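Here are a few exercises to work through with the model open in your viewer. Try each one before reading its solution.

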Amino acid sequence: MKFVDTDSETLQWFPTHMHWNSEGEREEWAELCALAILHAHGEEPKRRRIKSLRKLLSAFVADFAKLTPADQAFLFVPDPDELPVPAFLLLAESQGDRDTTLRQIVQADIESAVRPVEVNPFPTERLGEGLRSTRYWATPDDQLMVTVRYGWRVEQAGLDLCFYMVWNDPGRMAAYADAVDEFAHSLWINEAQNL
C-alpha cells in the first residue's frame, strides 16, 4: 500500500483519519494530540485545558469524510488557542501529460474573480519538481478564502499527488506560509507492505 508520510518533527502536524472506527478511537486520538500540543507550547497540562482542546480537536475531525474527498488528512495546529486547519492529500495513478496534470492538480487555470491564481515551481528532494498555487476566492456571503495547493508527479511511484489546505483567513495563511511549505518539503511516498 502506498501512502504519504512525513518526517516533520514539529508538534504542529497531526495525521488523522478520514473515517473513524468509533467515537472512542477519535477521542483517544484527540487526547494524545491535545497533550502533545500543550507540551510543545510549554504548558502544564491541566485537566480542564486538556478536555477543552480534546473536545475541539475531536469535533474538528469528526466529519472529514463528508467535507471533501481525500485519501489522507493532517491537522495543522500551530497554536492551541487558534482553530486548527485541515490539510488533505489525494493520490492517483499518473495519467496524461505531466505539466497539464500538475496544472489541473493545483487549479492553475481556474477563473478567479478576486485575483489570478498564483502558480510557482515547488521542487522537493523526494517528490521531485512540483507546483504550488495560491488561489483567493469568495464565498456566496463574501467571506474571502484562500486555497493553497501543491502538486507532484512522483514517477518512481507512478502517482500524482495533491496536498491542499483551505484557509478562511488570508492573513493567517500568509503568517504560516513558511511552516506549510516546510511541511510540504517533508512529505514522501511510503510504499509499506503492512500498516
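Helices (H or I, at least four residues) and strands (E, at least two) are DSSP runs, numbered from the N terminus. The model is predicted, so local features need pLDDT of at least 70 and side-chain atom pairs count only at pLDDT 80 or more, while totals for chains, interfaces and linings use all residues. Residues are numbered from 1 along each chain as its sequence is written, and side-chain values use heavy atoms, with hydrogens and water left out.

**Exercise 1.** Describe how α1 and α2 pack.

*Solution.* First, the geometry: helix α1 (residues 23–40) and helix α2 (residues 47–61) pack at about 125 degrees, with axes 8 Å apart. Axes here are lines fitted to C-alpha atoms, for helices over the stretch in contact, and angles run from 0 to 180 degrees between N-to-C directions. Second, the class: α1 and α2 are therefore oblique to each other (under 35 degrees is roughly parallel, over 145 roughly antiparallel, 65 to 115 roughly perpendicular, and the rest oblique). Third, the contact (heavy atoms within 4.5 Å): among the residues making it are Trp29 and Leu38 of α1, and Ile50 and Leu57 of α2.

**Exercise 2.** Work out the strand order of the seven-stranded open sheet and find its edges.

*Solution.* Pair the strands first (two strands pair if DSSP finds at least two bridges between them). The order comes out as β2-β3-β4-β8-β7-β6-β5, with antiparallel pairing. β2 (13–16) and β5 (118–124) each have a single partner strand, so one side of each is left without a neighbour in the sheet. Neighbouring strands are turned by 25 degrees against each other on average, direction ignored. Asparagine 120 stands opposite arginine 132 in β6.

**Exercise 3.** Which strands does helix α6 lie across?

*Solution.* Helix α6 (residues 177–185) lies across β2, β3, β5, β6, β7 (144–154) and β8 (159–167). For its direction, compare with β5: α6 runs at about 45 degrees to that strand.
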